[in-house]
Amino acid sequence: MAKLYVSNKDESARLFKSDLLEPFSHVHWSVPIILYIPVVAFFLYRASQTPEITALSGTLIFFAGLFIWTLTEYLLHRFVFHYEPSSDWGKWLHFMMHGVHHDYPNDSKRLVMPPAVSIPLAALFYGLFYLVIGPTFLSPFFAGFILGYVCYDSIHYATHHAPMKSRMAQWVKHHHVRHHYKDDKKGYGVSSPLWDYVFGTMDNGPDTKQSGA
């Protein structure tokens, strides 16, 4: 079986020739937490100040946002991050977005999304949800959606660099490790395997052990 990575060490490949741009491609795992947990708190507070939103409806809408994140995570990973264009420009963009992570899966500074990418995406989704849901119930929904993203980035980092000793955590780690080291066309869910079951991309075959995985 062909090796699915270039290096399994905690090391980086250079993405930009510019010394000014290169540091922005390296992100500490805590950045999404620091950046977005206040956003979650803000939207929850705003929801609590909206008379039309009760405690029950706000909670249900919040978890609906969290649920929709799991689907968004799966679809982005499968159809955007793993889309392989034929043009040279497209191949370069694919490598920048996700290919570098598969070549250097244990690069600790490229396991969470850079703010230069996550902030525009968050704004895009906010606008989309505004059009679909409307302003009244948007706050608890978006809070749940953003918390789902923070959980995704944190879990992704943990699967590569944290012990994850509980049975559930070990299962989640194992699920993602198989995506990297056994079959990168299965196991697209990182924070949840739900949609892999739904869309038939769950890898239930025999394991292939990899050094350092």
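Predicted model: local features only at pLDDT ≥ 70, side-chain atom pairs only at ≥ 80, totals over all residues.
View 1. Helix 2 (55–81), helix 3 (88–103) and helix 7 (194–199) each give two or more residues to the patch. Look for Leu-75 in helix 2; this residue is partly exposed, with a relative accessible area of 33%.

**View 2. The surroundings of Ser-7.** Ser-7 sits in the segment before helix 1 (31–48) and counts as buried, at 8% relative accessibility. Its side chain makes a polar contact of 2.3 Å with the side chain of Glu-11 and reaches the backbone nitrogen of Lys-9 at 3.2 Å. Beyond its neighbours within four places in sequence, Ser-7 is in contact with Asp-103, Tyr-104 and Pro-105.

**View 3. A salt bridge between Arg-178 and Asp-203.** The closest N and O atoms of this pair are 3.2 Å apart. Arg-178 belongs to helix 6 (residues 167–181) and Asp-203 to the segment after helix 7, so the pair links distant parts of the chain, 25 residues apart. Both Arg-178 and Asp-203 are buried.

**View 4. A salt bridge between Arg-14 and Asp-19.** Their side chains meet at 2.5 Å, N to O. Arg-14 is partly exposed at 48% relative accessible area, while Asp-19 is exposed at 61%.

Terms used: Residues numbered from 1 in each chain as written. Heavy atoms only, no water. Helix = DSSP H or I, 4+ residues; strand = E, 2+ residues; numbered from the N terminus. Buried < 20%, exposed > 50% of the residue type's maximum accessible area, 1.4 Å probe, protein only. Polar contact = N/O pair within 3.5 Å; in protein donor to acceptor, adjacent residues only side chain to side chain. Contact = heavy atoms within 4.5 Å. Salt bridge = Lys/Arg side-chain N within 4 Å of Asp/Glu carboxyl O.
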